Amino acid sequence: MMSSVNLKEIYRSKLSPALLSLESQRKDVVKRILLSVAILLLGIVAFVVGQQSEYGFIPGVLIVIGAFVSFGFAFSKYNSYKQAFKNKVVRKVIESIDPDWNYHPEACISENEYVESGLFQRHWDRYNGDDLISGVIDKTDFRLSELHTQYKTVSVDSKGRRSEHWHTIFKGLFAHADFNKEIRGETFVLPDIAERMFGKWGQKLQKFSPRGELVKLENIEFEKYFVVYSHDQNEARYILTPKIMEAIVHIRQQFDTEIYLSFVGTRVYVAMSFSQDLFEPRLFRSGVRYSDIEQMYYQFNTISVIVNEMNLNTRIWTKE
Amino acid sequence: MNSTLLILLAILVVVALIFIGMYNGLIRRRNEVDNAFGGMDVQLKKRYDLIPNLVASVKEYAKHEKELLNKITELRASALKPDLSVNEKIALDNQISGAIKSMLISVENYPELKANENFIFLQRSLNEVESQISAARRTFNAVVTDYNNGIQVFPNSIIAGMMGMKRKEVFVIQQAERENVDVSQMFNQA
């Protein structure tokens, strides 16, 4: 992994000029938005004032329509600003980690891959994501992207009005990498919410899961954070060696967020929750900040942390 | 019918149900222990099956290690004898682990052997089996702990006493085995 000194150097020589050149574009977008808001307000005022005469509302309506056109224009400007940001900045940050990694700003982990992981069983109604990176770290290939899945509920109030509600299933970074041991069944490492909320009773509740048998492991700290289900007790322990458990605890502490892992087929799937949107440009404040770049660098580097901590490049077992 | 009698009968039925539940629970735990030991036995056998090939390929290159190789072969032969008790099996397994480890250390002196493809494959298989054994031991320990807890808590302890269930010992996993890539590291240090 690159040191922070090197990252600073890259920031100074490559990223900060790129960010500076984007600043004018950003300001342009902000101006457009402010202008659109001003037009909209004007339209509303004109509409209210125009109420006094029969056709007086027409100018107001026209101005409001103009405001929406202006908003549309601002939005398309924002999109091109975003695209420029991804290509000139995000791409450079990724290249600084490893020039051979592939970056597709518009693509994301596919629905098939998401389902394959078995991590989130609830069916989604909305599936979004972007910033797909794929590549190889030594002997381990991986794919990583931002992902947001949601499901919809509809409620009807006493007056018969329907309203839709969207609920997040998962939002954050979703990655999968080649696992270095042969796996036959499926093993899941999930946040231990039941035990944290209900203590010992939670443990009783955990016994019932469609994902397989509850596996009790000997690392107390690991057990505090996670609950493990597997179709094979032995295989779960074969995967989750004492070292791997320590590694997972370490990753959990380092990122301080909920982590979901599954070991299915030839892959290890890792989903890390993040509430904010990742790798997006700033709009209402200067985009030229080292801290933003540093954060982005660490988030992309998550995959290296996973591969290294879990020792996925150690290929000493029968799987090559 | 007398209502007192009915109540008594109901209590009796409930007590019987509780008793059956606890009895079944204990039986299940005991079976899990046997099952886990069986799982470990399968892996140990896999390791025994690897030994002849390992010995053959080492013999070819490392002529000075005859004594060690003979010892491993003998240990394997005793481990394959039928009617061994659990404790005997465990003791032999520990000795074999130790002998294989010393053999792998002495292999360091034979670069040709280390580069041999067949040997590399065996080494991978051995690492695989070692990891599986280590996992199976941990499963065994987990179910034995569960069993021990089960027979010692009240009122299970009364039924366990009646059934003659005794506390079982867990495996003491040595520090070196906790890091189950240990064997490989010896090779990687070349």
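User: In this predicted model, is A:Asp131 buried or exposed?

Analyst: The way to decide is to count neighbours: a residue is buried if 20 or more other C-beta atoms lie within 10 Å of its own. A:Asp131 has 25 other C-beta atoms within 10 Å, so A:Asp131 is buried. A:Asp131 is found in strand β2 of chain A.

User: What is the phi of A:Asp131?

Analyst: Most residues other than glycine have a negative phi, and most peptide bonds are trans. A:Asp131 has a positive phi, near 55°.

User: How should I read the pairing of strands β2 and β3 of chain A?

Analyst: Look at the direction of the strands, then at the bridges. Strand β2 (residues 126-137) and strand β3 (residues 140-156) of chain A are antiparallel, with ten bridges between them. One example is A:Gly135, whose bridge partner in β3(A) is A:Phe142. The two strands form a hairpin with two residues between them, and in the turn A:Asp138 has a positive phi of about 55°.

User: Which strand is joined to β3(A) by 15 bridges?

Analyst: That is strand β4 (residues 162-178) of chain A, which runs antiparallel to β3(A). In this pairing A:Tyr151 stands opposite A:His167, and A:Val154 has A:Glu164 as its bridge partner. The hairpin of β3(A) and β4(A) has five residues between the strands, and A:Gly160 takes a positive phi near 80° there.

User: Which strand pairs with β4(A) over seven bridges?

Analyst: Strand β9 (residues 267-273) of chain A pairs with β4(A), in the antiparallel sense. Here A:Leu173 is opposite A:Met272.

User: Now a helix. What should α1 of chain B span, and how far apart are its end C-alpha atoms?

Analyst: The check uses 1.5 Å a residue: the 59 residues of helix α1 (residues 3-61) of chain B should span 87 Å, and the end C-alpha atoms are 87 Å apart, which agrees. Now look along the helix. At B:Ile51, α1(B) bends by about 30°, and the proline B:Pro52 follows within four residues.

User: What do the buried residues of α1(B) pack against?

Analyst: First, a general point: an α-helix has 3.6 residues a turn, so residues three or four places apart point the same way. The buried residues of α1(B) include B:Met40, B:Leu44, B:Arg47, B:Ile51, B:Leu54 and B:Val58. The buried residues of this helix pack against α2 (66-79), α3 (86-106), α4 (111-115) and α5 (117-152) of chain B, together with α7 (233-239) of chain A.

User: How many residues does each chain give to the contact between the chains?

Analyst: Chain A gives 13 residues and chain B gives 17 residues. On the side of chain A, α7(A) gives the most, with four residues. The residues on that side divide into four nonpolar, five polar and four charged.

User: Last, the core. Which residues touch the most other members of the largest nonpolar core?

Analyst: In soluble globular proteins, nonpolar side chains tend to be buried together. The largest nonpolar core here has 88 residues, and among those that touch the most other members are A:Ala175, A:Ile248, A:Leu261 and A:Val307. The element that gives the most to this core is α5(B), with nine residues. Apart from neighbours within four places in sequence, A:Val307 is in contact with A:Ile137, A:Thr140, A:Phe142, A:Ala177, A:Leu312 and A:Asn313.

Technical notes: Residues numbered from 1 in each chain as written. Chains lettered and ligands numbered in written order. Predicted model: local features only at pLDDT ≥ 70, side-chain atom pairs only at ≥ 80, totals over all residues. Expected span 1.5 Å × (residues − 1). Bend = angle between axes of the 7 residues up to and from the residue. Buried ≥ 20, exposed ≤ 12 C-beta atoms within 10 Å, placed from the backbone. Contact = placed C-beta atoms within 7 Å. Core = buried A, V, L, I, M, F, W, Y, C linked by C-beta atoms within 7 Å. Nonpolar A, V, L, I, M, F, W, Y, C, P; charged D, E, K, R; others polar. Pairing = 2+ DSSP bridges.
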